[in-house]
Amino acid sequence: MGRKAGGLYINPKKFGSLHKPCMQEMIMFLNCLTSNHGDNDACAKQKELLNTCLDSQSKKNRKSWGSINYQLQRLGRGRK
């Protein structure tokens with residue numbers, strides 16, 4: 001259950017810091033919760049902003065091409 005020697009592989013965790021959508025909204029919401037001692041009603045505005053951002057990032061609006069490792073394996077098969 002390992003990778004074949006010489007196979008193509010990219011660690012996806014290495015590229016996790018490239019694009020973080022909704023991170024600013026999440027930080028604002030968590031800071032609001034912290035300052036209001038977990039009162040969810042006081043942070044309704046930040047929660048709505050976060051929900052709006054997350055809805056815009058949903059996968060139903062985008063066509064998934066699979067993981068980068070799948071694409072590399074697919075390209076590697078055609079090369080041999």
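This is a predicted model: local features need pLDDT of at least 70, side-chain atom pairs count only at pLDDT 80 or more; totals for chains, interfaces and linings use all residues.
Colleague: In what order do the elements of the chain run from the N terminus on?

Modeller: The order is α-α-α. Two of these helices are α1, residues 23-35, and α2, residues 44-56.

Colleague: What makes C22 and C53 a disulfide?

Modeller: The S to S distance of C22 and C53 is 1.9 Å, and a pair of cysteine sulfur atoms within 2.5 Å counts as a disulfide.

Colleague: Why is the disulfide of C22 and C53 called left-handed?

Modeller: The torsion about its S-S bond is about -95°, so the link of C22 and C53 is given that hand.

Colleague: Which parts does the pair of C22 and C53 tie together?

Modeller: C22 belongs to the segment before α1, whereas C53 belongs to helix α2; the pair therefore connects parts that are 31 residues apart in sequence.

Colleague: How many disulfides does the structure hold?

Modeller: There are two disulfides. In the other, C32 is joined to C43 with an S to S distance of 2.1 Å, which is again within the 2.5 Å limit. The link of C32 and C43 is left-handed, with -95° about the S-S bond. C32 lies in helix α1 and C43 in the loop between α1 and α2, so this pair ties together parts that are 11 residues apart in sequence.

Colleague: What is the pairing when the bonded cysteines of the chain are numbered in sequence order?

Modeller: The pairing is 1-4, 2-3.

Colleague: How do you know whether C22 and C53 are buried or exposed?

Modeller: A residue is buried under 20% relative accessible area. C22 has 8%, so C22 is buried; C53 has 13%, so C53 is buried as well.

Colleague: Why do C32 and C43 count as buried?

Modeller: The relative accessibility of C32 is 10%, and because this is under 20%, C32 counts as buried.

Colleague: Which residues make up the largest nonpolar core?

Modeller: Its six residues are C22, F29, C32, C43, L50 and C53. The elements that give two or more residues to this core are α1 and α2.

Colleague: What does C22 contact, leaving aside its neighbours within four places in sequence?

Modeller: C22 is in contact with L50, C53, L54 and Q57. C53, with residues up to four places away in sequence not counted, touches C22 and E25.

Colleague: Which residues form a nonpolar patch on the surface?

Modeller: M23, M26, I27 and L30 form the patch, and together they have about 320 Å² of accessible area.

Colleague: What percentage of the residues of the chain count as buried?

Modeller: Of the 80 residues, 14% count as buried. The accessible surface of the chain is about 7,300 Å², and 56% of it belongs to carbon and sulfur atoms.

How values were computed
Residues are numbered from 1 along each chain as its sequence is written. Side-chain values use heavy atoms; hydrogens and water are left out. A nonpolar core is a set of buried Ala, Val, Leu, Ile, Met, Phe, Trp, Tyr and Cys residues joined through side-chain atoms within 4.5 Å. Buried means under 20% relative accessible area, exposed over 50%, partly exposed in between (1.4 Å probe, protein chains only). Helices (H or I, at least four residues) and strands (E, at least two) are DSSP runs, numbered from the N terminus. Contact means heavy atoms within 4.5 Å. Patches are made of residues with over 30% relative accessible area and no salt bridge: like charges are joined within 9 Å, nonpolar side chains (Val, Leu, Ile, Met, Phe, Trp, Tyr) within 5 Å. Accessible areas come from the Shrake-Rupley method with a 1.4 Å probe; for residues, only the protein chains shown count as cover. A salt bridge is a side-chain nitrogen of Lys or Arg within 4 Å of a carboxyl oxygen of Asp or Glu.
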